[in-house]
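Here is a friendly walk through one model, meant to be read with the structure open beside you.

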Amino acid sequence: MKRKALLLGYTGKDDKDQYLSAVEKDLRAYRKFLKSPKGGFWEDNEIDPIMIDEKLEELPQKRLLYKGKCDFLYVVYSGHGYFDNCQYLGINKEKYLRVDYFNNWAPRQICVFDACAKIPKNESENEALIEELSKQIYTMKPDKRRGLREKYENQILRCPKQSIHLYAAKPDEYASATSIESYYISELLKELNIVEENINVIKAHNIAAEQVIKRSNGEQHPYSDVVPDNVSEYLPGAIDE
């Protein structure tokens with residue numbers, strides 16, 4: 001099975017008042033999760049180098065390279081955004097991208113969008129856990145590593161074709177963050193890392209969403225969108241070792 005992950009972010013570094021210091025930390029934490037046993041033991045060559053700020057200008061080339069050419073796509077975005085009939089993601093100070101840009105790249109795909117959804121008007125405990133999990137990659141026997149990769153891929157291929165979009169905030173809400181982590185991505189990764197059994201990504205999202213609502217005092221409400229909306233089984237979030 002051919003799989004590909006894209007880790008994207010826009011910090012808003014051009015405007016010191018809008019700078020998001022958690023963006024790169026979010027993406028590095030997600031990369032460590034993907035490379036862990038629970039995350040499916042992704043290889044380095046299956047995860048594109050993290051693309052932040054000016055590197056996002058390479059997205060059109062990535063689209064040509066990967067659209068229609070992989071079995072499973074995983075996209076994670078952390079950064080600025082807004083909502084105007086649909087979610088937009090920041091590329092630079094002037095340019096924003098509609099999330100449907102990522103539609104139909106692969107028959108099975110998960111997209112995580114941790115960005116504000118305001119409508120325009122006229123270091124952590126989690127990081128330590130992921131770091132510990134990532135160390136297991138180098139101590140596990142090759143045959144067990146291969147077995148976990150196959151288990152992860154078999155679970156993906158067993159699922160019907162689907163596109164899952166996970167959003168950090170509903171329209172007209174901010175996506176909150178501290179200086180070291182975004183609320184949504186950190187809570188999602190925390191849930192994916194602590195489960196003791198296989199968990200689909202929608203279940204993990206729903207649990208993380210509850211924590212984000214509490215953490216934000218009810219001001220941020222993550223939600224999901226699945227196409228088609230009647231799939232019999234959702235794509236895996238994390239696998240049991």
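How many bridges join S4 to strand S5, and in which sense do the two run? Three bridges link S4 with S5, which covers residues 87-90, and the two strands run antiparallel. Please keep in mind throughout that this is a predicted model. One of the contacts to look for is at Phe83, whose bridge partner in S5 is Gln87.

S4 and S5 belong to an open sheet of three strands, ordered S4-S5-S6, with antiparallel pairing. Strand S4 (81-83) and strand S6 (96-98) are at the edges with a single partner strand each, so one side of each has no neighbour in the sheet. On average, neighbouring strands of this sheet are turned by 25 degrees against each other, direction ignored.

## The six-stranded sheet

A second stop is an open sheet of six strands, and here the pairing is mixed. Reading across, the order is S2-S1-S3-S7-S8-S10. Strand S2 (51-52) and S10 are the edge strands, and each of them pairs on one side only.

Within this sheet, follow strand S1, residues 3-10, to its partner S3: the two pair in the parallel sense over eight bridges.

Next, look at helix H5 (residues 183-194) and helix H6 (residues 201-215). They pack with their axes 8 Å apart, at an angle of about 135 degrees. Why does that count as oblique? Angles over 145 degrees count as roughly antiparallel and those from 65 to 115 as roughly perpendicular, with the rest between 35 and these limits called oblique, so H5 is oblique to H6. The crossing of H5 past H6 is right-handed.

## The largest pocket

Rolling a probe the size of a water molecule over the atoms shows where empty space is left. The largest pocket has a volume of about 290 Å³. Its lining is made of 20 residues, and those closest to the centre are Gln18, Leu20, His80, Cys116 and Tyr174.

Which elements supply at least two residues each to the lining of the largest pocket? They are helix H1 (22-35), strand S3 (72-79) and S4. H1 gives the largest share, three residues. By class, the lining of the largest pocket holds nine nonpolar, seven polar and four charged residues.

## The second largest pocket

The second largest pocket has a volume of about 230 Å³. It is lined by 15 residues, and Asn103, Ser163, His165, Asp225 and Val227 are the closest to its centre. Strand S8 (162-167) and strand S10 (223-227) are the elements that give two or more residues to this lining.

S8 contributes the largest share of the lining of the second largest pocket, with four residues. By class, that lining has six nonpolar, six polar and three charged residues.

Finally, turn to the second largest cavity, which holds about 30 Å³ of space. Is its lining polar or nonpolar? The lining divides into eight nonpolar residues, no polar and no charged ones. To display the lining of the second largest cavity, select Leu8, Leu56, Leu59, Tyr77, Leu89, Ile91, Leu97 and Phe102.

Notes
Residues numbered from 1 in each chain as written. Predicted model: local features only at pLDDT ≥ 70, side-chain atom pairs only at ≥ 80, totals over all residues. Heavy atoms only, no water. Pairing = 2+ DSSP bridges. Axes fitted to C-alpha atoms, helices over the stretch in contact; angles between N-to-C directions. 1 Å grid on protein atoms, 1.4 Å probe; cavity = no way out; pocket = protein on both sides within 12 Å on 5 of 7 lines; lining within 4 Å. Points joined across faces, edges and corners; volume = space filled by probe spheres on them. Nonpolar A, V, L, I, M, F, W, Y, C, P; charged D, E, K, R; others polar. Left-handed = near helix turned anticlockwise from the far one by under 90°.
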